[in-house]
Amino acid sequence: MKAIISHDLDHITVWEHLFRDTIIPKYMARMHVELLSGKISLREYTLRWSDFFKNKWQNVDELITFNNINGVPTSFFVAVNKGVGLNYSNEAAMLWIEQMQSRRCEIAVHGIEFDNAGLMLNEYQLFEKLTGQQNFGIRMHYVRNTEKTYQLLAETGYTYDSTEHAYKNPYKIGEMWEFPFQIMDGWIIENYKSWQSLNLEQAKINTIKLIDKAHEHQLQYLGIDFHDRYFSHSFKTWLDWYMWLVDYLKCQKIEFINFNSAIKELESAQA
Ligand SMILES: [Zn+2]
């Protein structure tokens, strides 16, 4: 089994949310619940205010550097459309896309449209135009989907999708590869609440169970979704969890690979 780690860019700044959505009040409520329930330290709480005033809610550069040092190829999903608490502009996204391109990351769409073929095609074409890329994949923001989403994504022309959460090997829908993923940072650390509900040790135990389950299902690829936003000392449990996870996979002799290289492997095995 190899691991495919990818990152969804959900936020860039605090200001992009001002008067547009409910992310800022939710952020405030969450940090107070987490402080009062003892899940975060006073230092983390203070750093969250500091991020807020610095207007910095992304950690793209820091995360790419950590990945590079650890031999993890960096794969990002970046949005070119707004919706469901995602509100950065194309101009803001482009600054980071250029940085990701210069640092040789794999870049794909963080999709907003999930059930309208015309709007999905607009999103695809806008990403193609902005990035100058030809073949690329997608993961839906909040993994939104209906029973027809996957077929529509394949018809739109995506090379791959990684929206489905399942213990299944990659499979083809038309010409598109579907890469189901198994581990998402928020599902582990929040454990189905709206705030951090597990500590690091509990998160590690649950993660190991999921990796074991992936082995039991004889998965070729273990899909992991980690948001760059949490690669920060203001989210210390998340940061520590990610660094532990990369180290754990290395100790287990699990290699890291990105989506495009995995597709090459899959297609050469088929040929
Ligand atoms: Zn997202």
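Trainee: How many other C-beta atoms does Val84 have within 10 Å?

Mentor: A word on the model comes before the answer. This is a predicted model, in which local features need pLDDT of at least 70, side-chain atom pairs count only at pLDDT 80 or more, and totals for chains, interfaces and linings use all residues. Residues are numbered from 1 along each chain as its sequence is written.

Now the answer. Val84 has 13 other C-beta atoms within 10 Å, so Val84 is partly exposed. On this scale, a residue is buried if 20 or more other C-beta atoms lie within 10 Å of its own, exposed if 12 or fewer, and partly exposed in between; C-beta atoms are placed from the backbone. Val84 sits in the loop between strand 2 and helix 4. Helices (H or I, at least four residues) and strands (E, at least two) are DSSP runs, numbered from the N terminus. The backbone of Val84 deserves a look too. Its phi is positive, near 45°, and the residue is not a glycine. Most residues other than glycine have a negative phi.

Helix 4 covers residues 90-102, 13 residues in total. From first C-alpha to last, helix 4 reaches 18 Å, close to the 18 Å expected at 1.5 Å a residue. The expected span is 1.5 Å times one less than the number of residues. Ala93, Trp96, Ile97 and Met100 of helix 4 are buried. Seen down the axis, the buried residues of helix 4 fall within an arc of 110°, so they line one face. That arc is taken over the directions from the helix axis to the C-beta atoms. The face of helix 4 turned away from the buried side carries exposed Glu91, Glu98 and Ser102.

What covers the buried residues of helix 4? The cover includes strand 1 (2-9), helix 3 (60-69), strand 2 (75-78), strand 3 (106-111) and helix 5 (117-131). Contact here has C-beta atoms, placed from the backbone, within 7 Å. After helix 4 comes Arg104, with a positive phi near 60°.

Helix 5, part of that cover, leads on to helix 6 (residues 149-156). The axes of helix 5 and helix 6 come within 10 Å and cross at roughly 50°. Axes are lines fitted to C-alpha atoms, for helices over the stretch in contact, and angles run from 0 to 180 degrees between N-to-C directions. Helix 5 and helix 6 are therefore oblique to each other. Angles under 35 degrees count as roughly parallel, over 145 as roughly antiparallel, 65 to 115 as roughly perpendicular and the rest as oblique. Ala117, Met120, Leu121 and Tyr124 of helix 5 make the contact with Leu152, Glu155 and Thr156 of helix 6.

Lys148 lies in the loop between strand 4 (138-140) and helix 6. Lys148 has 12 C-beta neighbours inside 10 Å and so counts as exposed.

Return to the backbone of Val84, with its positive phi. Gln218 is also not a glycine, and its phi is positive, about 50°. Gln218 is placed in the loop between helix 8 and strand 9 (221-225). With 9 C-beta neighbours inside 10 Å, Gln218 counts as exposed.

Methods
Two residues are in contact if their C-beta atoms, placed from the backbone, lie within 7 Å.
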